[in-house]
Amino acid sequence: MMNEPDGSAALAPFNDHPLDKASVTVEVEVPEGWTVVSGGVLEEVREEEQTTVFRWSMQHPVAPYLIPLGIGQFASRSEPDPLGLEITTWYPEDLDPELLDPFTDQHQMVRFLSGLFGPYPFETLGAMVVDAGVGLALEHQTLPTYDLSAVLETVVVHELAHQWFGNSVSVADWSDIWLNEGPATLSEWLWTEEILGVTDYDREVANNYRLFSGEFFLSGDTTAAIERATAIALREFYPPGLPPADDLFNYSVYGRGALTLVALRDYLGDSSFFAMLRTWHETHRYGNATTSGFLSLVEETGGTPARELVESWLYDPLPPPMPGRDLFPLGHEENSPSR
């Protein structure tokens, strides 16, 4: 079930595309002593002669790849829940619960993200932990799935942000995947800013900029060294608005997608920027959206210059300058060794 964009058809004959959203009921019969975990509300647990039937219901529309399913010997615990979301963590019975500490602050994360993006869009929330050695997490709707190695505070924030960007508002085409991953990665940095301060946020921005500009790969201050570093960046990273089908989840859609939003936040200011994101979610909630629609909203909010700024971040081969942050592409006169 941790396969994006292609995998849920292994469970059922789905049309495995985010445009084909629907309410879903998952009913599974398992041997006695086993548990079935899925998203939404657990409506029934029915004991048969030697088996147990679990029925889960997801009332809000969900894309097939976002349907969670875990079958095994799970334990569960309730997390702090002043929000009334029935926050539950499911995990293997033999797992040390102390490894689950990052989930205890989910209510604080949801409250923080709700203040930025609008009310949490679903009726329940939780986490499912598996020790599968896959080294990743996936933002299944209402119940993100985490490999044990991915149980980290920043990852939890990332997957929670997807409940707004990716789950409630899904892409209409996989080529617009930055609309999911850019805001989720930005949310990690915003949580860092909230918890640790703006200096740490600025450090995340600068480190990512230096990666995509090629400065991270620089091994000297000669013209040849600059050209080599730039060539590596161009080879390793695609513009986030143009990911190829065979490298859809290139880190650019995460990090440079987030930088796109940082640049827009810097341009618009916090009030207009977060109001725009709340409008985006409210307008497309439980549906699908496109980059062209996002660009229209950006232009409506900040005019043609704001749209052109976002377009340059999404489509230019290398990231544009960020003069307000003293960040410039390699070879730019403001970034020359003699400066």
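Predicted model: local features only at pLDDT ≥ 70, side-chain atom pairs only at ≥ 80, totals over all residues.
Y286 is partly exposed, its relative accessible area being 25%; the cut-off for a buried residue is under 20%.

A positive phi also occurs at T142, where the angle is near 70° and the residue is again not glycine. T142 belongs to the loop between β9 (137-138) and β10 (145-147). With a relative accessible area of 3%, T142 is buried, whereas Y286 is partly exposed. As background, most residues other than glycine have a negative phi.

## A cis peptide bond

The peptide bond that runs from E4 to P5 is cis, with omega near 10°. P5 is placed in the segment before β1. In general, most peptide bonds are trans.

## Salt bridges

The structure contains 17 salt bridges. Among them is the pair formed by E27 and R55, whose closest N and O atoms are 3.9 Å apart.

Another salt bridge links E48 with R46, and here the separation of the closest N and O atoms is 2.9 Å. E48 has a relative accessible area of 36% and is partly exposed; R46, at 30% relative accessibility, also counts as partly exposed. A further pair consists of E236 and R235, with closest N and O atoms 3.8 Å apart. Within this pair, E236 counts as partly exposed at 38% relative accessibility, while R235 counts as exposed at 55%, because the cut-off for exposed is over 50%.

## The salt-bridge network

Salt bridges join E27, E43, E44, R46, E48 and R55 into a network. The network includes both members of the E27 and R55 pair and both members of the E48 and R46 pair. As a general principle, side chains of opposite charge can pair when their charged atoms come close.

Notes
Residues numbered from 1 in each chain as written. Heavy atoms only, no water. Salt bridge = Lys/Arg side-chain N within 4 Å of Asp/Glu carboxyl O. Buried < 20%, exposed > 50% of the residue type's maximum accessible area, 1.4 Å probe, protein only. Helix = DSSP H or I, 4+ residues; strand = E, 2+ residues; numbered from the N terminus.
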